[in-house]
Amino acid sequence: MNPRLEYIQNRIGKVVHDSPSAISNWLQMTPVLAENGKIIVTVPVRADMTNMMKTIHGGIVATILDDLCGTVCLISADEFFYATVTLNVDYLRPAQIGDVLTCTAEVIRQGKSIINVHATLALPDGKLVGRASSNLINTQIKTH
């Protein structure tokens with residue numbers, strides 16, 4: 001089994017504080033599902049993630065979506081790190097402090113050098129806060 005996939009599967013239902021990624025730790029994600037080609041996590045909206053209107057900052061929405069797009073590549077690709085080449089984000093509605101958002105990222109196509117991923121960020125009622133399409137490139141840097 002892919003050790004990165006196993007790492008996340010061992011943390012299902014627990015807030016991740018021991019990720020090698022500082023941003024993942026800061027986001028306080030809780031994995032819900034992790035399998036080859038798909039990951040689902042929840043993320044609480046905290047005050048330090050908001051803008052002047054006290055709604056989630058667009059940069060944080062993009063960060064969550066980008067982080068999950070990269071993570072799904074890590075758990076789906078065999079031995080290399082992938083880096084974001086493009087990230088297209090649609091901002092659809094605000095989220096408030098205290099909302100627990102669900103982020104889902106899925107591999108759409110995995111080629112030899114580029115992986116295409118789609119991701120969504122949703123409120124508890126299923127309404128989308130944002131969605132993204134991303135292309136990530138094989139860096140040729142080994143994960144182990």
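A nonpolar core is a set of buried Ala, Val, Leu, Ile, Met, Phe, Trp, Tyr and Cys residues joined through side-chain atoms within 4.5 Å, where buried means under 20% relative accessible area, exposed over 50% and partly exposed in between (1.4 Å probe, protein chains only). The model is predicted, so that local features need pLDDT of at least 70 and side-chain atom pairs count only at pLDDT 80 or more, while totals for chains, interfaces and linings use all residues. Residues are numbered from 1 along each chain as its sequence is written, and side-chain values use heavy atoms, with hydrogens and water left out.

**Exercise 1.** Describe the largest nonpolar core and the elements that build it.

Solution. 
Step 1. The core holds 36 residues, of which I39, I56, I64, L101, V117, L121 and V129 touch the most other members.
Step 2. Helices (H or I, at least four residues) and strands (E, at least two) are DSSP runs, numbered from the N terminus. At least two core residues each come from helix 1 (3-9), strand 2 (38-44), helix 3 (58-76), strand 3 (80-91), strand 4 (100-110), strand 5 (114-122) and strand 6 (128-142).
Step 3. Helix 3 gives the largest share, nine residues.
Step 4. For L121, take contact as heavy atoms within 4.5 Å. Apart from neighbours within four places in sequence, L121 contacts V61, I64, L65, L101, T102, C103, K127, L128, V129 and G130.

**Exercise 2.** Locate the largest pocket and its lining.

Solution. 
Step 1. On a 1 Å grid over the protein atoms alone, a pocket is an open set of points where a 1.4 Å probe fits, with protein on both sides within 12 Å along at least five of seven lines; lining residues have an atom within 4 Å of a point.
Step 2. The largest pocket has about 560 Å³ of space. Its lining numbers 26 residues, with S19, S21, S24, T71 and L74 closest to the centre.
Step 3. Helix 1, helix 2 (22-27), strand 2, helix 3 and strand 3 each supply at least two lining residues. Seven residues, the largest share, come from helix 3.

Terms used:
Points joined across faces, edges and corners; volume = space filled by probe spheres on them.
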